[in-house]
Amino acid sequence: MSAFQLPPTAGVPALSTVERAAVLDALFEPCTALHTLSLDLLHTKMFDSYNDLIASVGVQLTELSESPSISDTEWLDKILGAHPRLGEKKVESAQSQAEQAQLNTGGEEEATKLRNLNVKYEETFPGLKYVVFVNGRSRPVIMENMQERIARGDIKLERLEAIKVRARVDK
């Protein structure tokens, strides 16, 4: 299977629905809820760059997070929950594969601790998966951040953290 190549941004609005979905999948994670939210945006708006496109999707996600509607919150959680667990061996997007490869170093004891923290995180924040900019951070540093966020226990802040990561804000 060959790697998906992003087309020039100028051509995105003219792509078919399936092709626009593939663009979203390459930039984020495969997620039907994200397709439903953002496919029309990719069809109706021109973007100067993929960073602009990602930022526009981030605005949509932020608007969902600020909505008082329970169904909007549930929709957002479906999108944010599409991100793979840290330490997973099987992931969909090339971006996540690179990040996971970096985290899948170290001993089995650390891997077990990371799996246990994933479970605790998902129990604390139902519907969400822990996400963070990995970008050179070691597994112990990531796990310390994970423990701090679990202890903080604020699901609204977790949603905002996840949106930042998905929309690549404040790297």
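This is a predicted model: local features need pLDDT of at least 70, side-chain atom pairs count only at pLDDT 80 or more; totals for chains, interfaces and linings use all residues.

Visitor: How many aromatic pairs does a search of the whole structure find?

Guide: The search finds two aromatic pairs. In one of them, Tyr 121 and Phe 125 are tilted, with 4.8 Å centre to centre and 55° between the planes.

Visitor: And what about Tyr 121 and Tyr 130, which kind of pair are they?

Guide: Their ring centres are 5.6 Å apart and their planes stand at 75°, which is over the 60-degree cut-off, so the pair of Tyr 121 and Tyr 130 is edge-to-face. Taken together, Tyr 121, Phe 125 and Tyr 130 form one aromatic cluster.

Visitor: Is Phe 125 buried or exposed?

Guide: Phe 125 counts as buried because its relative accessibility is 1%, under the 20% cut-off. Tyr 121 is also buried, with a relative accessible area of 1%, and Tyr 130 is buried as well.

Visitor: Switching to the core, which residues touch the most other members?

Guide: In the largest nonpolar core, which has 42 residues, those are Leu 53 and Val 57. The largest share of this core comes from helix 3, which supplies six residues, and among the other helices that each supply at least two are helix 1 (17–27), helix 2 (32–44) and helix 6 (108–124).

Visitor: What is Val 57 in contact with, leaving aside neighbours within four places in sequence?

Guide: On that basis, Val 57 is in contact with Leu 24, Phe 28, Leu 34, Ser 38 and Leu 41.

Definitions and conventions
Residues are numbered from 1 along each chain as its sequence is written. Side-chain values use heavy atoms; hydrogens and water are left out. Rings of Phe, Tyr and Trp (its six-membered ring) pair if their centres lie within 6.5 Å; planes under 30 degrees apart count as stacked, over 60 as edge-to-face and the rest as tilted. Buried means under 20% relative accessible area, exposed over 50%, partly exposed in between (1.4 Å probe, protein chains only). A nonpolar core is a set of buried Ala, Val, Leu, Ile, Met, Phe, Trp, Tyr and Cys residues joined through side-chain atoms within 4.5 Å. Helices (H or I, at least four residues) and strands (E, at least two) are DSSP runs, numbered from the N terminus. Contact means heavy atoms within 4.5 Å.
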